[in-house]
Amino acid sequence: MAQADTGIALQVQEAVKTYGSGTKAIKALKNISLEIKNNEFFTLLGPSGCGKTTLLRMIAGFEEPTAGTITLHGVDIQSMPAHKRRVNTVFQNYALFTHMTIAQNIAYGLENLEWERSKIKDRVSEMLSLVHMESFKDRRPDQLSGGQQQRVALARALAPEPEMLLLDEPLSALDLKLRQAMRTELRNLQKQTGITFVFVTHDQEEALDMSDRICVLGDGVIQQLGTPDEIYENPANRFVAGFIGDTNFMEADVLDVDSTHATVRISTGLEIKAQQKNVRMNSKAFVSLRPEKINLQEQATSGIILDGKILSQNYLGGYTHYSIQVGDISLRASKRNNVSNNTIYEIGSTVKVGFQESSARILGE
Amino acid sequence: MKKLSFNLWGLLPVHLIMLFGLIIPIGIVISVSFATKGAYGGFDYVFTLKAYQQILYNEGWTGGLEFNPQYLHIIGRTLLLSVITTMICLLISFPVAYYIAQQKASRKALLIYLVTLPFWVSMIVRVYSWLIILGNEGVIEKILRFTGLTDNIDSLLYNNGAMLLGMVYSYVPLMILPIFASIEKLDGNLIEASHDLYGSRLTTLKRVIIPLAKPGMVAGSILVFVPCLGSVLEPVLLGGGKNMMMGNLITSQFGGARNWPFGSAIALVLMSLVVIALVIHGLRATDKDARQEAL
């Protein structure tokens, strides 16, 4: 049901999932607590094996948490079987019923909910037009392309007006072009229907592109939960900074820490003061500096300026990626080839390397 | 050109086996069925329809024809028992196959091995063992007596029920294996998708699992039904010979009754029943393909 309010749709409290028992037990999820708001495009992002699919399957009802509670709109759904939860899933391999036509696939959920025949018919044609598949309604799934099957899976899951739509890496089986088109389409579909989407992916670009909020999972725990730009610009730890986008990590000794900033010394002897997260005195820290925040040569006019030597160069059209030796560390820099500056620096040449301290982040282990 | 000659010469051994092993013998059976019974067994090649006539009519003393349903009963019993056997096998096999398909890989292999285990023992021995179980002073009778449930029991053997039991027992593995194969390749996500779309366990079984296991059920039904039609051992050993099936009738005509033309005619009727069953199945299969293609 399309609810415009921003109340809490789903609440997960201290969820734990353990497979096996005794010494061979594998902890897939260790104490996860999160809230998903109504009407939100919420993404669970993480590398494979981080527990994101397990969490999704727990919300769908295919798996029971070992401990913890899950509530949907205030109702405890933990012991509710999957077929009673007002939550629908788009499966990674679409899981369309091969023995039914497209229209029958879409009608399946509605029939089980015992809708009236005429209402089912209307809803099916409404859904078919929503995903632009009207002319395919009497085909069978194996007569459709991957992208078309994807749309049918979406229509089938959206038809029963679920309180929440779960998407388990739905774009991973599509080719690049189609994947990009489907991103926009999914985003529009979410806005159009007003249904809360919970999207699972390992593709950070997909997550940044589509989500209202992203929950980065790693090793069975929540590494960070926030909006795409929060996560990209202010990563909570080294894992998040490394997983989302590209970055340079420089190991550093902590000289001073206050509540927001830290001063560290990197191996070249340079001291950097920048925003910090989770940094403690007398422990290792890392300076994270994104490649696109490094300026080269004439653009390196303010902030910290160092001398470097180009080690390698990758020309990518709009951008050129460089690897630069600065003292005993090597930095990756990405330079936009725009109108005012489309110089390409040759391998072996010396360049000025500059960055603002405000662009760097200092992260604890 | 090259392909054609390969089809012709490369497959020659197969063609020869088919010719001498199938086509010529069937031709002989057909010609014998139209021949005249010899006075002391055997037959003479004199064309007559007597053998087919005998299926339905008796020749009276006066030379007139009297309708005789005796053989129709045997044909009817054969069909009925075969259909019932197939249905019981279906009912037993589906849950068994489903259960096996749910197990871990190692356990699955073991259970499938157990299902095929009876094939390692001769069919006669297997059917004979039921004599020991069901017979007088057999295991079941002893248990019934011992528990005092009943003292006075009719023999459990030599009736249609015993024949049915023997046939179900003999052919049930042929049903389990194809159903297992079709359930096993069923995508587990489809079952989850059904639950996800508000399908209860029963709905999921009816609308997703059974329709997708149907090819296995059809294949199993043919594998059970066809040999059932021709079964000989179960009626002789468990039916006691008084409840004949077509297989026994044919055997007796070539044996004790020494009426080869009549035996051949019955054999051809049996064969046409099998062919009809296969044609119906074939038509349904091609029909479905045609429908799919038309879309």
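**View 1. Strand 8 of chain A and the two strands beside it.** In this predicted model, strand 7 (residues 164–168) of chain A runs parallel to strand 8 of chain A, and five bridges join the pair. One spot to look for is L165(A), whose bridge partner in strand 8 is F197(A). Strand 3 (residues 41–45) of chain A is also parallel to strand 8, again with five bridges. There, T43(A) stands opposite F199(A) of strand 8.

**View 2. Strand 8 of chain A, one face and then the other.** In a regular strand, side chains alternate between the two faces of the sheet. Here both faces are covered. T196(A), V198(A) and V200(A) are buried on one side, while F197(A), F199(A) and T201(A) are buried on the other. Six of the six residues in strand 8 (residues 196–201) are buried, so the strand is largely enclosed by the rest of the structure.

View 3. Strand 1 (residues 8–19) and strand 2 (residues 26–37) of chain A run antiparallel and are joined by eight bridges. Pick out K17(A), which stands opposite L29(A) of strand 2. The two strands form a hairpin with six residues between them, and in the turn G20(A) has a positive phi of about 75°. Strand 1 also pairs with strand 4 (residues 67–72) of chain A, in the antiparallel sense and over five bridges. For that pairing, find Q13(A) opposite T69(A).

**View 4. R85(A), a charged residue in a loop.** R85(A) sits in the loop between strand 5 (75–76) and strand 6 of chain A. Is this arginine buried or exposed? R85(A) counts as buried because it has 22 C-beta neighbours inside 10 Å, where the cut-off is 20 or more. Leaving out residues up to four places away in sequence, R85(A) touches G61(A), L72(A), I77(A) and M80(A).

View 5. L306(A) has V353(A) of strand 19 as its bridge partner.

**View 6. Chain A, zoomed out for orientation.** The C-alpha trace of chain A spans about 75 × 50 × 40 Å along its principal axes. Eight helices and 20 strands make up its secondary structure. The domain assignment gives domain 1 (8–233) and domain 2 (246–364), and the centres of these domains, taken over C-alpha atoms, are 39 Å apart. Of the 365 residues in chain A, 41% are buried. Among contacts with a separation of 6 or more, 66% are between residues 24 or more positions apart.

**View 7. Where chain B touches chain A.** Here 17 residues of chain B are in contact with 19 residues of chain A. On the chain B side, helix 9 (188–196) and helix 10 (201–229) each supply at least two residues. Helix 9 brings the largest share, six residues. By class, that side of chain B has eight nonpolar, six polar and three charged residues.

**View 8. Helix 9 of chain B and its packing.** A193(B), S194(B), H195(B) and D196(B) are buried in helix 9 of chain B. The buried residues of this helix pack against helix 1 (52–60) and strand 6 (87–90) of chain A, together with helix 10 of chain B. After helix 9 comes Y198(B), with a positive phi near 70°.

**View 9. The bend in helix 10 of chain B.** Helix 10 of chain B bends by about 50° at K214(B), and a proline, P215(B), follows within four residues. The helix has 29 residues, yet its end C-alpha atoms are only 36 Å apart, short of the 42 Å a straight helix would reach at 1.5 Å a residue.

Terms used: Residues numbered from 1 in each chain as written. Chains lettered and ligands numbered in written order. Predicted model: local features only at pLDDT ≥ 70, side-chain atom pairs only at ≥ 80, totals over all residues. Buried ≥ 20, exposed ≤ 12 C-beta atoms within 10 Å, placed from the backbone. Contact = placed C-beta atoms within 7 Å. Domains from an automatic or database assignment. Nonpolar A, V, L, I, M, F, W, Y, C, P; charged D, E, K, R; others polar. Expected span 1.5 Å × (residues − 1). Bend = angle between axes of the 7 residues up to and from the residue. Pairing = 2+ DSSP bridges.
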